Amino acid sequence: MTESITITDNRTGASMEIPIQNGGVSELDWQKLLPGIWFYDPGFVGTAACESAITYLDGEQGILRYRGYPIEQLAEQSTYLDVAYLLINGELPTPTQFDEWCHEVTYHTFIHENLRKRFLDGFHYDAHPMGMLVSALAALSTFYMDAKDIFNPEARNKQILRLIAKMPTLAAAAYRFSRGMPFVYPDNALGFTANFLSMMWKVAEPRFEPDPVLVRALDVLFILHADHEQNCSTTAMRTVGSSHADPYSATAAAAAALYGPRHGGANEAVIRMLTSIGSLDNVDAFIASVKAGETRLQGFGHRVYKSYDPRARIIKRTADEVFAVTGKNPLLDIALKLEETALSDEYFTSRRLYPNVDFYSGLIYQAMGFPLEMFPVLFAIPRTSGWLAHWVELLEQDSRIARPRQLYVGEEKRDFVPISRRH
Ligand code: ACO
């Protein structure tokens with residue numbers, strides 16, 4: 001079988017053979033035959049904007065791998081910091097590399113006092129923590145003069161460490177501010193995830209001791225959310241990064257993309273949906289309203305997965321472990337009945353709609369005590385390592401600035417009308 005396609009321009013009869021490489025065809029070849037004819041592809045559904053060696057995703061089969069390692073094995077045996085190192089460096093760290101990496105991350109968790117006292121304290125008392133996080137990330141770029149030195153590997157690694165390490169501190173600071181609670185400084189004796197929980201929940205005790213089951217569960221959620229190839233926020237990271245902006249500004253842009261309800265806000269929508277359904281008796285009526293097109297079953301369906309999201313399977317197990325500690329989230333039974341009903345209904349199966357990662361993640365966060373507005377923040381903490389892995393890959397690929405084409409559908413040329421002659 002020839003691994004190529006042939007295209008013919010029916011206007012001229014000219015044709016050209018284009019090789020299929022890595023499952024795609026090059027637009028540069030296409031342009032040789034058809035200059036000025038663009039692919040119309042809103043949402044980039046069928047356009048690969050880059051080559052990437054970070055995450056493999058097969059939506060038909062429900063496969064997700066980071067740097068070749070199956071997500072199931074990573075969730076079972078790895079830790080978030082191990083995975084973050086893997087994503088960024090391409091290989092799992094040796095024990096020495098891992099110790100050094102954890103040490104470095106631990107010693108970069110503090111934020112400049114001006115950022116906390118003047119910048120974060122300047123927000124309105126009820127500011128949304130995700131809005132605060134997006135702004136604080138952009139503000140970080142002004143604290144590090146070497147941030148713009150993006151082609152200096154040493155400076156670049158420094159910003160990567162700072163960003164990964166400071167995300168939990170910024171996230172917890174935003175939460176504490178929104179509750180009128182004092183800021184908790186990082187505790188270097190705690191691991192990455194335990195330290196985050198300490199900064200979130202510590203009150204007056206000398207040392208906050210988080211439940212190890214909850215620490216591990218949150219760490220698993222961080223692993224599952226660390227990367228997901230070219231999603232909306234990673235695309236924002238790559239787009240801004242392609243202009244050679246500093247990584248703080250690019251990460252702020254990525255976090256802003258994650259703020260949207262279609263992306264990082266879906267698990268919040270799931271909780272709102274489950275709360276509004278309210279009881280098992282209302283599930284059938286709710287499913288009927290989804291089928292009538294009146295609403296969507298939140299946490300179901302995915303642009304890429306057309307089978308069970310492998311992360312949802314892992315999360316369901318994690319949920320059981322968390323509920324054994326926190327007590328069952330009362331919304332769980334409604335979620336389980338919704339899932340069971342939908343998976344045996346032709347409307348959902350024919351459209352290949354299955355639970356995605358967000359169907360259960362919100363239930364876990366809620367059981368752990370996180371308020372809804374922290375959900376996108378919890379997503380942004382681990383996704384930062386994925387964004388940065390893509391940013392490094394982009395810079396090393398010497399990619400071109402992101403600049404898509406458009407199909408113009410506006411007015412033809414027309415002459416300006418002075419305001420006195422407009423009716
Ligand atoms: N409930 C009911 N019907 C749905 C749902 C849903 N959740 N999702 C898709 N459909 C239906 C659509 O109505 C459409 O039906 P039709 O062909 O009869 O018109 C068909 O399935 C295809 O849907 P699209 O909107 O074309 O699918 P798309 O790939 O554009 O959307 C999306 C994917 C946005 C995730 C969608 O499934 C959705 O809105 N899901 C609910 C929100 C959600 O859970 N988002 C989280 C995504 S995961 C993440 O960001 C981490």
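**Salt bridges, a pocket and a surface patch**

Trainee: How far apart are the closest N and O atoms in the salt bridge between aspartate 146 and arginine 162?
Mentor: A salt bridge is a side-chain nitrogen of Lys or Arg within 4 Å of a carboxyl oxygen of Asp or Glu. Aspartate 146 and arginine 162 form one, with their closest N and O atoms separated by 3.4 Å.

Trainee: Which helix holds arginine 162, and where does aspartate 146 lie?
Mentor: Helices (H or I, at least four residues) and strands (E, at least two) are DSSP runs, numbered from the N terminus. The pair links distant parts of the chain, 16 residues apart. Aspartate 146 is in the loop between helix H6 (129-140) and H7, and arginine 162 is in helix H7.

Trainee: What kind of model do these values come from?
Mentor: Residues are numbered from 1 along each chain as its sequence is written, and side-chain values use heavy atoms, without hydrogens or water. Local features need pLDDT of at least 70, side-chain atom pairs count only at pLDDT 80 or more, and totals for chains, interfaces and linings use all residues, since the model is predicted.

Trainee: How many residues apart in sequence are the parts tied together by arginine 352 and glutamate 60?
Mentor: The two side chains meet in a salt bridge (2.6 Å, N to O). Arginine 352 lies in the loop between helix H16 (346-350) and helix H17 (358-368), and glutamate 60 in the loop between strand E3 (55-58) and strand E4 (63-66), so the parts joined are separated in sequence by 292 residues.

Trainee: Which residue meets lysine 291 in a salt bridge, and is that residue buried or exposed?
Mentor: Lysine 291 lies in helix H13 (residues 283-291) and is partly exposed, at 39% relative accessible area. The side chain meeting lysine 291, at 2.8 Å from N to O, belongs to aspartate 345. At 14% relative accessibility, aspartate 345 counts as buried.

Trainee: How many salt bridges does the structure hold?
Mentor: Side chains of opposite charge can pair when their charged atoms come close. Glu113, Arg116 and Lys117 are linked in a network of such bridges. The structure holds 19.

Trainee: Which helix gives the largest share of the lining of the second largest pocket?
Mentor: A pocket is an open set of points on a 1 Å grid over the protein atoms alone, where a 1.4 Å probe fits, with protein on both sides within 12 Å along at least five of seven lines; lining residues have an atom within 4 Å of a point. The second largest pocket is lined by 20 residues, and Leu81, Gly191, Phe192, Thr193 and Asp219 lie nearest its centre. Helices H4 (95-106), H7 (153-179), H8 (192-201) and H9 (212-225) each supply at least two lining residues. The largest share, five residues, comes from H8.

Trainee: How far apart in space are leucine 297 and phenylalanine 348, C-alpha to C-alpha?
Mentor: Leucine 297 lies in the loop between H13 and helix H14 (310-326) and counts as buried at 5% relative accessibility. In sequence, leucine 297 and phenylalanine 348 are 51 residues apart, while in space their C-alpha atoms are separated by 9.7 Å.

Note on methods: Buried < 20%, exposed > 50% of the residue type's maximum accessible area, 1.4 Å probe, protein only.
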